[in-house]
Amino acid sequence: MGHVYLVGAGPGAADLLTVRALRLIERADVILYDALVTDEILALAPQAKKVPVGKRGGRVSMDQALINRLLVSTATKHDLVVRLKGGDPMLFGRAHEEIEACVQAGIPISVVPGITAAFGAASALSTSLTQRGLSRSVTFVTPTVARGSQASPAWAKAVAAADTSVIYMGRGDAVWIRDCLLDFGMPANLPVVLAEDVSRASSFNVKGPLADLPDLALQLGSGPVLMMIGEVFAEAKVALDLFNARPASIDMVASTKAG
């Protein structure tokens, strides 16, 4: 019986992995990885068998029940199994379902946290999510629901109640999101930043008022997107990208390994 590790891969850049995550990736027999895990991170595990089990909104993807069964069956054949998830496993990562499947099968399982994309985006913008005098509360939400479930505006109520909000997995619903937030009384001129491909070489940010959210979304490519909303972003310089100003991330990881 092997051991399963749910490992957070962070927002994309390999040098944003935790040391613990890197060590497990380097030792893994098998890696079951999400669609948002980058090639540069997978390249750190040449010894491992790699199995894609990614889920992307609006695209054909593996059913969660099948992922659970695959995780269990893999752990009965291999000693160290890494379930590699974008960002942090415990935030919008369906971690509970996979933990429960392993526990019911009697398979040891541990969780290794990762940097969620919201923190990577805030760092790239040099914008604190909590600024004195502007923001004393932050909420992370997603309007996305499980297949067959009825969408609820409860997420919009949470956004309207917070000083700063980050919306995950909302790109395809930009019009609905804008309309829901305006219906909850949020100002049409409230600053919004859309951050695509956070921490990667292809990162791209656009900024504008809440009323223009759908138009802003049309300026983006096909990468994963965060919608960041609040007065803290009024002075955000979207052209500033500290990640792209540093040396290639893979070189920094290599230095860590060498040390």
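Student: Which strands does helix α4 (residues 95-104) lie across, and at about what angle does it run to β5?
Tutor: Helices (H or I, at least four residues) and strands (E, at least two) are DSSP runs, numbered from the N terminus. Axes are lines fitted to C-alpha atoms, for helices over the stretch in contact, and angles run from 0 to 180 degrees between N-to-C directions. Contact means heavy atoms within 4.5 Å. Helix α4 lies across β1, β4 (80-85) and β5, and its angle to β5 is about 155°.

Student: What should I know about the model and its numbering?
Tutor: This is a predicted model, where local features need pLDDT of at least 70, side-chain atom pairs count only at pLDDT 80 or more, and totals for chains, interfaces and linings use all residues. Residues are numbered from 1 along each chain as its sequence is written, and side-chain values use heavy atoms, leaving out hydrogens and water.

Student: In what order do the 5 strands of the open sheet stand?
Tutor: Two strands pair if DSSP finds at least two bridges between them. The pairing here is parallel. β3 (49-52) and β5 (109-112) each have a single partner strand, so one side of each lacks a neighbour in the sheet. The order is β3-β2-β4-β1-β5.

Student: Which residue of β5 is the bridge partner of Y5?
Tutor: Strand β1 (residues 3-8) pairs with β5 in the parallel sense, over 4 bridges. The partner of Y5 in β5 is S110.

Student: Within what arc do the buried residues of α4 fall?
Tutor: Buried means under 20% relative accessible area, exposed over 50%, partly exposed in between (1.4 Å probe, protein chains only). In α4 the buried residues are A95, E98, A101 and C102. The arc is that of the directions from the helix axis to the C-beta atoms. These residues line one face of the helix, because seen down its axis they fall within an arc of 130°.

Student: Which residues are exposed on the other side of α4?
Tutor: The buried residues of α4 are covered by elements including β1, α3 (64-75), β4 and β5. On the other side, the exposed residues are H96, V103 and Q104.

Student: How many residues apart in sequence are the parts that E98 and R83 tie together?
Tutor: A salt bridge is a side-chain nitrogen of Lys or Arg within 4 Å of a carboxyl oxygen of Asp or Glu. E98 and R83 form one at 3.2 Å, N to O. E98 lies in helix α4 and R83 in strand β4, so the parts tied together are apart in sequence by 15 residues.
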